[in-house]
Amino acid sequence: MPETKLTAEYFRPGVEPADLPALFPLLRARDALAAFTALFRGTDEDVLVRLLVLREIGHRGEQPLWSPQELRAHFAYLDDTKLQTVLHRLRETELLVWDAEAGHYQISPHGRMALSALSTLLKFSDEEGGEIGYITSQLAAGQALGKVADEDLQHLLSRLVELEEEFGRAVLSGSELRIRRAEKKLNSVIAWVEKGTEIMRLIAADPDLDQATHRVAQKIGQVQSRMLRMSSVFQRTLNQLERQKVHLGQSGLSTSDIHRWLRMLDVEQLCGLLGDGPAFAVQIGCLLGDIAVDVAEFELIDRVRAAALDTRLPPACEAPPAAGLPVGEEDLGLLQDFLGELGTIDQPAPLEQSIPAADFATTSYRLSLAALLGDAEFGALDGAVADLARLPLLLRLSGASVLVGRHEVEAMSAGTLEKKGTKEPSNG
């Protein structure tokens with residue numbers, strides 16, 4: 001991993017990798033990192049065989065020196081050519097050291113470190129919640145040696161925050177299944193959280209700890225305290241869900257039992273259960289039914305109707321001249337007849353004798369014309385109606401009703417048509 005190649009390929013021109021604070025620790029530990037690079041380079045099979053050989057060599061603590069004959073005898077189950085290739089690779093990458101004078105192999109210091117780190121990692125790899133245990137073990141070792149790594153604290157804080165958020169979402173979901181899964185995961189990590197709480201207490205009490213690391217340790221302690229209370233939160237939520245369960249008659253089964261049983265079936269079994277069941281139309285819970293109907297009506301009817309609708313205006317045409325329009329003369333026969341009858345009145349004439357004629361419509365028309373007698377406004381105009389208004393007559397109503405019994409009129413207002421200047425008769 002030459003530095004010049006790293007600079008040319010991965011960094012912008014003018015950037016000095018050694019000046020980057022995040023990269024500097026990696027550059028400083030380049031020899032140690034080279035051990036991991038050598039271990040994990042190549043195919044999966046290459047890496048597994050390489051780790052197998054190196055771990056077996058490092059496993060013999062009392063006799064760390066291996067002669068070639070001992071290696072061939074110990075790894076007799078490996079192909080000899082492959083074994084020699086692996087040993088050559090380990091020597092080339094300085095994970096194994098060959099002492100030509102003594103004629104034996106031994107693991108290099110960086111190889112020891114890589115194997116030790118790998119051994120700790122493998123202890124927690126198969127355990128649920130092992131990541132918490134692995135990080136906690138690194139912090140415990142660092143605290144015991146007085147070398148607490150801020151990086152390990154950040155890893156632990158990040159993982160605890162992730163778990164806390166996951167547990168919180170499970171409670172908010174109200175799903176019994178999710179809550180039980182979260183509870184199971186909490187139980188798998190709770191032991192490590194409790195041990196981590198003790199370690200955080202020791203780390204926080206260290207007077208030599210810098211302020212930033214102390215602050216991170218306090219945050220970890222706060223998250224750990226909240227996680228330790230999550231067990232009661234889960235139980236309280238499950239109790240609430242238990243009270244809300246729907247039981248199927250007297251069978252003793254609840255919806256949770258049915259749900260659990262259904263989850264144990266595979267897809268074919270589930271499809272088989274649907275064979276005799278009623279078929280329901282798919283209902284999308286996120287849609288409101290009336291809005292869905294409106295949208296469907298628009299897409300299937302209104303949109304098609306608008307596309308087929310011909311909204312073009314008809315072609316323009318010339319308007320006919322007004323002089324050519326047929327104009328009928330107004331029929332004033334009824335008015336003229338009534339006007340002639342009114343001209344013969346020289347004595348007060350009762351309305352029930354002078355107004356009714358032909359039918360109800362004609363009678364109403366004559367009475368409305370009689371109401372215009374003496375109207376100065378109409379009398380100032382021209383025409384037959386004005387002639388009627390200027391007649392020296394007046395309509396006088398008594399406020400009572402009088403029976404008629406002819407021309408479709410049963411009764412009408414009582415009154416008289418009389419010459420102007422006629423003295424109004426007294427009630428007495």
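A salt bridge is counted where a side-chain nitrogen of Lys or Arg lies within 4 Å of a carboxyl oxygen of Asp or Glu. The model examined here is predicted, so local features need pLDDT of at least 70 and side-chain atom pairs count only at pLDDT 80 or more, while totals for chains, interfaces and linings use all residues. Residues are numbered from 1 along each chain as its sequence is written, and side-chain values use heavy atoms, with hydrogens and water left out.

By the salt-bridge rule, the count comes to 13. Side chains of opposite charge can pair when their charged atoms come close. One of the pairs is R180 with E176, whose closest N and O atoms are 3.2 Å apart. R180 and E176 are separated by about one helical turn, because they stand four residues apart in helix α10. Helices are DSSP runs (H or I, at least four residues), numbered from the N terminus. E176 is buried, with a relative accessible area of 15%, whereas R180 is partly exposed at 39%. In these terms, buried means under 20% relative accessible area, exposed means over 50%, and partly exposed lies in between (1.4 Å probe, protein chains only).

A second pair also involves α10. K185 forms a salt bridge with E166, and the closest N and O atoms are 3.0 Å apart. This pair links distant parts of the chain, since K185 belongs to helix α10 and E166 to helix α9, 19 residues apart. K185 is partly exposed, with a relative accessible area of 24%, and E166 is partly exposed at 24%. In helix α14 (residues 289-308), D302 and R305 lie three residues apart, about one turn of the helix. The closest N and O atoms of the salt bridge between D302 and R305 are 3.9 Å apart. D302 is partly exposed at 31%, and R305 is exposed at 56%. E131, R159 and E162 are linked in a network of salt bridges.

Helix α9 covers residues 150-173, which makes 24 residues. Its span from first C-alpha to last is 35 Å, close to the 34 Å expected at 1.5 Å a residue; the expected span is 1.5 Å times one less than the number of residues. The buried residues of α9 are L153, L156, L157, L160, L163, E164, F167 and A170. Their cover includes α8 (130-145), α10 (176-204) and α11 (211-243). Just after α9, G174 takes a positive phi of about 70°.

T363 is found in helix α17 (residues 360-370). With 6% relative accessibility, T363 counts as buried. Leaving aside neighbours within four places in sequence, T363 is in contact (heavy atoms within 4.5 Å) with I355, P356, A357, H407 and V409. A polar atom of the T363 side chain lies 2.8 Å from the backbone oxygen of D359.

The elements that give two or more residues to the nonpolar patch are α12 (255-263) and α13 (267-274), and α12 provides the largest share, three residues. I258, found in helix α12, counts as partly exposed at 30% relative accessibility.

Methods: Polar contact = N/O pair within 3.5 Å; in protein donor to acceptor, adjacent residues only side chain to side chain.
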